[in-house]
Amino acid sequence: MADTALDQLKRSGRIVVVGASLAGLRAAEVMREKGFAGSLTLIGDEPHEPYDRPPLSKQVLLGKADAERTLLPRRRDIDAAWRLGVAATGLDMAARTVKLADGEEVPYDRLLIATGVRARPWPNEVEAELAGVFTLRTREDGAGLARALAAGPRRVLVIGAGFTGSEIASACRERGLEVTVAERGNGPLVGALGGVIGAVAAELQRENGVDLRTGISVTALEGDSTGRVRAAHLSDGTTLECDVVVVGLGAQRNTEWLAGSGLGAGPRGIACDAGCRAFDLRGIVTDDIYVAGDVARSPHALFGYQFLSLEHWGNAVAQAETAAHNMMSESTDRRPHLWVPAFWSSQFGVNIKSVGVPSMGTEIMITQGSRSERRFTGVYGYQGRVIGAVTFDNGRWLQFYEKQIESTAPFPPPFTTVDRRPDGQRPIPADFPDPSVPTHGPTITLSGYSPAERRIATFTPAGH
Amino acid sequence: MRLVVDLNRCQGYAQCAFLAPDVFAMHGDEGLLYDPQAEEAQRERVAQAAAACPVQAILVDDLDRVATSSATAPSGAGGGTSDG
């Protein structure tokens, strides 16, 4: 049998994974499973083995799990060299090396980038440094916020009513804490699920005792003489006394370390083809650099070949598996990353789940249950087809709608579903905010060329 | 013992909450909360919960070790784990 380049790579190649979280770990496991026997290096800027983040805004804040104890289970031994607590600071594509913060250069034959996102900080650095001001992304963030909530603050202010902000507000209420949520948009979750569902989420918050203020932004945070936050100034001119502030303004992609490398990386992530291979700045696909997880953006055949970036747990797993498979395959054996987006959130005792890309939807129809009962399925339509679905305590139906999305089933759904109510007889506008107006951000970012558009908004010619 | 539940997959059947109530608990009608690093003493119960999950959403570290130890136990032939 001929000894191919792939055989050599599998036997004695060097694979480097930058990003030691969910995507990096799962990819490493799949590479070993596919017979990779060479050297495997995992580089992570955090000093911890890969840990799970979703519990940090849920059971950890409720005091039912410890932030230090969410390490991810392993599917298999990966026999890796770990470089933890040291960030990657540069990439030399020609020399095939990754530069680390400690000056070391790590050579690779194949590279997987899974550097993910970080919490967007409060823009005023001095105010962000006040004691009692938190973001929530890392284990340390989760431990610190859990301690602050356990200490019984008089009032918590959550800035931004996306999923993370809403989950934090929910945990506060469950702990009996007074909480104010300030959201610039017209309701919670509107970026991801639109105004119709946002209105339900708003009612849910208020029924549970959240002081929800929409159409409001926080203009400044004020500290006391000891450097502790004591108040926030709001855009309506009022001042709110609070001793804990959580900044939930979405995430930023960790791509700065790739500046100047020639890779097609920027604030929207790293562009890659459907097979997870990264594009360089010229739009030419690389042979040896792959991307997975929150930092990737890749075209999806089901959604008009738009480039999707997904900040979803399930996407990190699925894309890592595809990237690793493709890294270990001849080109004809590679497969596309065609995962149907899916996520969950748990807040105010309601389990919220979604599939597809709701934010592409222009209309929504409540096909089952009813919004007033907080138990329903909403189906999103786009150009006469089903494009997404959301459930509130109705998750068992999602698989059905996932198949509808995959088969580009017509919208509005022609079938008579069980539990169809009068308010679900016809579609209504889904009421998504204008995408050009910044919000805390949807969990799905559409950033590709859409055939429906007559312009390319984001193209910047090189060298001009 | 480390564990993670794929909550995209979870449909709230609550089998895990019955079998290992110190590790898994329903939160609301459909939501699930769990301890991601449960005590080692819970391993047998967690293994049962993972096996019983109708949608196979629970991933546990090192389940093989449990299977091995129960297979070598005097009454454990066949790998069926039961604590009665």
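Predicted model: local features only at pLDDT ≥ 70, side-chain atom pairs only at ≥ 80, totals over all residues.
**A closer look at S24(A)**

- S24(A) is joined to S25(A) by six bridges in the antiparallel sense.
- The two strands make a hairpin with two residues between them. In the turn, A:Phe348 has a positive phi of about 55°.
- Is S24(A) covered on one face or on both? Both faces are covered: A:Ala342, A:Trp344 and A:Ser346 are buried on one side, and A:Phe343, A:Ser345 and A:Gln347 are buried on the other.
- Because six of the six residues of S24(A) are buried, the strand is largely enclosed by the rest of the structure.

**Helices H2 and H7 of chain A**

- Helix H2 (residues 22–33) and helix H7 (residues 313–327) of chain A pack at an angle of about 35°, and their axes are 8 Å apart. Their crossing is right-handed.
- From H2(A), the contact involves A:Leu22, A:Ala23, A:Arg26, A:Ala27, A:Val30 and A:Met31. The residues they meet in H7(A) are A:Trp313, A:Ala316, A:Val317, A:Ala320, A:Glu321, A:Ala324, A:His325 and A:Met327.
- By type, the residues of this contact between H2(A) and H7(A) are 11 nonpolar, one polar and two charged.
- A handy reminder when reading such a list: an α-helix has 3.6 residues a turn, so residues three or four places apart point the same way.
- H7(A) has 15 residues and spans 21 Å from its first C-alpha to its last, close to the 21 Å expected at 1.5 Å a residue.
- With 14 of its 15 residues buried, H7(A) is therefore largely enclosed by the rest of the structure.

**The three-stranded sheet around A:Thr97**

- Another open sheet of chain A has three strands in the order S4-S5-S6, again with antiparallel pairing. Strand S4 (88–92) and strand S6 (105–107) of chain A are its edge strands.
- From one strand to the next, the twist averages 25°.
- S4(A) and S5(A) run antiparallel and are joined by four bridges, and A:Ala88 has A:Leu100 in S5(A) as its bridge partner.
- A:Thr97 sits in strand S5 (residues 97–100) of chain A. Its relative accessibility is 12%, so A:Thr97 counts as buried.
- Leaving aside residues up to four places away in sequence, A:Thr97 touches A:Gly90, A:Leu91, A:Asp92, A:Glu105, A:Val106, A:Pro107 and A:Tyr108.

**Chain B**

- Chain B contains three helices and four strands, which run β-α-β-β-α-β-α from the N terminus on.
- Of its 84 residues, 49% count as buried.
- Among contacts in chain B with a separation of 6 or more, 58% come from residues 24 or more positions apart.

How values were computed. Residues numbered from 1 in each chain as written. Chains lettered and ligands numbered in written order. Heavy atoms only, no water. Axes fitted to C-alpha atoms, helices over the stretch in contact; angles between N-to-C directions. Left-handed = near helix turned anticlockwise from the far one by under 90°. Contact = heavy atoms within 4.5 Å. Nonpolar A, V, L, I, M, F, W, Y, C, P; charged D, E, K, R; others polar. Expected span 1.5 Å × (residues − 1). Buried < 20%, exposed > 50% of the residue type's maximum accessible area, 1.4 Å probe, protein only. Pairing = 2+ DSSP bridges.
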